[in-house]
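Please open the structure in your viewer and keep the selection tool at hand. The stops below are arranged so that each selection leads to the next.

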Amino acid sequence: MIVLGIETSCDETAAAVLADGAIRSNVVMSQDAIHGRYGGVVPELASRRHLEVVLPVVRRALDEAEVGLAGLDGIAVTAGPGLVGSLLVGLSVAKGFAYVHGLPLVGVNHLEGHIFAGFLAEPRPSYPFLALVVSGGHTAVYACPAPLEYALVGRTRDDAAGEAFDKVSKLLGLGYPGGPAIERVARDGDPQAIAFPMAQFQDQAPDFSFSGLKTAVSQFVRRHAPLSPVVVADVCASFQATVVKMLVRRTIRAGVRLGIRQVLLTGGVAANRALRDALALACAERGYAWSAPSLRFCTDNAAMIAAAGAARLARGERADLTLNARATLPLA
Ligand code: KG4
Ligand code: ZN
């Protein structure tokens, strides 16, 4: 089955072609340069940029895959969650192509896409597993008992982990996106230099919270300004270590409680080396298996959307032309 995936939920315009699970092409056009000066994604600018580049991006994905629209078996497109104006661009293109060429169409949940990124390369997770989805817009743990089945286990009660990286980077003047910038600077810092607080919940829920941490970093920065490069590196390393500790501890705790001994780490923040290493260590200590997509499939891409869409198309799922964008779209 040859499937074209289209992803425009945030600030990456992406298209990819998958043939029986193998990646034939994977084109990602990032808008980082546009949003960088604002320290975060500006929705209106994002949708305008998607409009400008979506057709060339799709064209390139088809060309590189050496397939025409008529040669496709289906089109998968992100329907939510995300920025509505951005989602609508990808949806309109997907619906237009599907209608004109009489192709099966399916809408994909962006978070399900991140989970399917875990299936793009070996080692693939086997069911049941826990998916720790950490991105700029979402931070949650899902139990995945069988293909296309999800149960929400825990989630952030405020900011997403990637959002915390972006906000802390902004307040340190390190630029956008914040995750890679903080990770780079943190390499020269001491993760134990500053004891930032880790949110605890009375009910012991495997939930996350990052806004208190962000406030603590902001207070530290204000109290110690101007910061020397050495202190900035220590702030980055200590902040990153606190985020990593919270993500890993709560995920492992959920695994123990549910008796699920396998973890898939995915989403943009899964590109973080410290997080990957800490999860690997925690899983090894308990005899759990773990996996994560290679770095380029952690952040937003359309191969993961095509992969999830292919699974849904194979099950006979079809969307009609009323398929619409949804800013919020629960996975479970
Ligand atoms: O999955 P993604 O590309 O888009 C969303 O669905 O949100 O994730 C983007 C987020 C941004 O917040 C970015 O700062 C973060 O992932 N990120 C990282 C790293 N690379 C990207 N966070 C920490 N360390 C990284 N290396
Ligand atoms: Zn994403």
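The tour begins with conventions and then visits the ligand, the loops, the salt bridges and a surface patch.

**Before starting**

This is a predicted model, in which local features need pLDDT of at least 70 and side-chain atom pairs count only at pLDDT 80 or more, while totals for chains, interfaces and linings use all residues. Residues are numbered from 1 along each chain as its sequence is written, chains are lettered from A and ligands numbered from 1 in the order in which they are written, and side-chain values use heavy atoms, with hydrogens and water left out.

**Stop 1: ligand 1 and its shell**

Select ligand 1 and display the residues around it. The shell holds 19 residues, and the closest are G136, D166, G179, E183 and D300; a residue is included if one of its heavy atoms lies within 4 Å of the molecule. By class, 5 of these residues are nonpolar, 11 polar and 3 charged. In this scheme Ala, Val, Leu, Ile, Met, Phe, Trp, Tyr, Cys and Pro are nonpolar, Asp, Glu, Lys and Arg are charged, and the others, Gly among them, are polar.

Next, colour the helices α4 (110–117), α5 (161–171) and α6 (178–186), each of which supplies at least two residues of the shell. Helices (H or I, at least four residues) and strands (E, at least two) are DSSP runs, numbered from the N terminus. Which helix gives the most to the shell around ligand 1? It is α6, with 4 residues.

A polar backbone atom of G136 is 2.8 Å from an oxygen atom of ligand 1. For G179, the separation between a polar backbone atom and a ligand oxygen is 3.0 Å, and for G162 it is 3.1 Å. On its own, ligand 1 has 550 Å² of accessible area, of which the protein covers 91%. Accessible areas come from the Shrake-Rupley method with a 1.4 Å probe, and for residues only the protein chains shown count as cover.

**Stop 2: two cis peptide bonds**

Select Y176 and P177, which are joined by a cis peptide bond with omega about -5 degrees. P177 is found in the loop between α5 and α6. Then move to A225 and P226, where a cis peptide bond also has omega of about -5 degrees. P226 is in the loop between α7 (211–224) and α8 (229–258).

**Stop 3: positive phi in loops**

Select D20, a residue other than glycine whose phi is positive, near 45 degrees. D20 is placed in the loop between β2 (12–19) and β3 (22–30). Is D20 buried or exposed? With a relative accessibility of 67%, D20 counts as exposed; buried means under 20% relative accessible area, exposed over 50%, and partly exposed in between (1.4 Å probe, protein chains only).

Q204 is also not a glycine, and its phi is positive at about 60 degrees. Q204 sits in the loop between α6 and α7, and it counts as exposed because its relative accessibility is 52%.

**Stop 4: salt bridges**

The whole structure contains 14 salt bridges, each a side-chain nitrogen of Lys or Arg within 4 Å of a carboxyl oxygen of Asp or Glu.

Begin with D159 and K167, whose side chains meet in a salt bridge of 3.4 Å, N to O. D159 is buried at 8% relative accessibility, whereas K167 is partly exposed at 31%.

Continue to helix α9 (residues 273–286), where R273 and D277 lie 4 residues apart, about one turn of the helix. Their closest N and O atoms are 3.5 Å apart in a salt bridge. R273 is partly exposed at 45%, and D277 is partly exposed at 41%.

Finally, select E112, R312, R315 and E317, which are linked in a network of salt bridges. Within this group, the side chains of E317 and R312 meet at 2.7 Å, N to O. R312 is buried, with a relative accessible area of 13%, while E317 is partly exposed at 27%.

**Stop 5: a nonpolar surface patch**

Switch to a surface view and select Y99, V100 and L321, which make a nonpolar patch of about 360 Å². Patches are made of residues with over 30% relative accessible area and no salt bridge: like charges are joined within 9 Å, nonpolar side chains (Val, Leu, Ile, Met, Phe, Trp, Tyr) within 5 Å. Y99 lies in helix α3 (residues 84–101) and counts as exposed at 63% relative accessibility.

Methods:
Polar contact = N/O pair within 3.5 Å; in protein donor to acceptor, adjacent residues only side chain to side chain.
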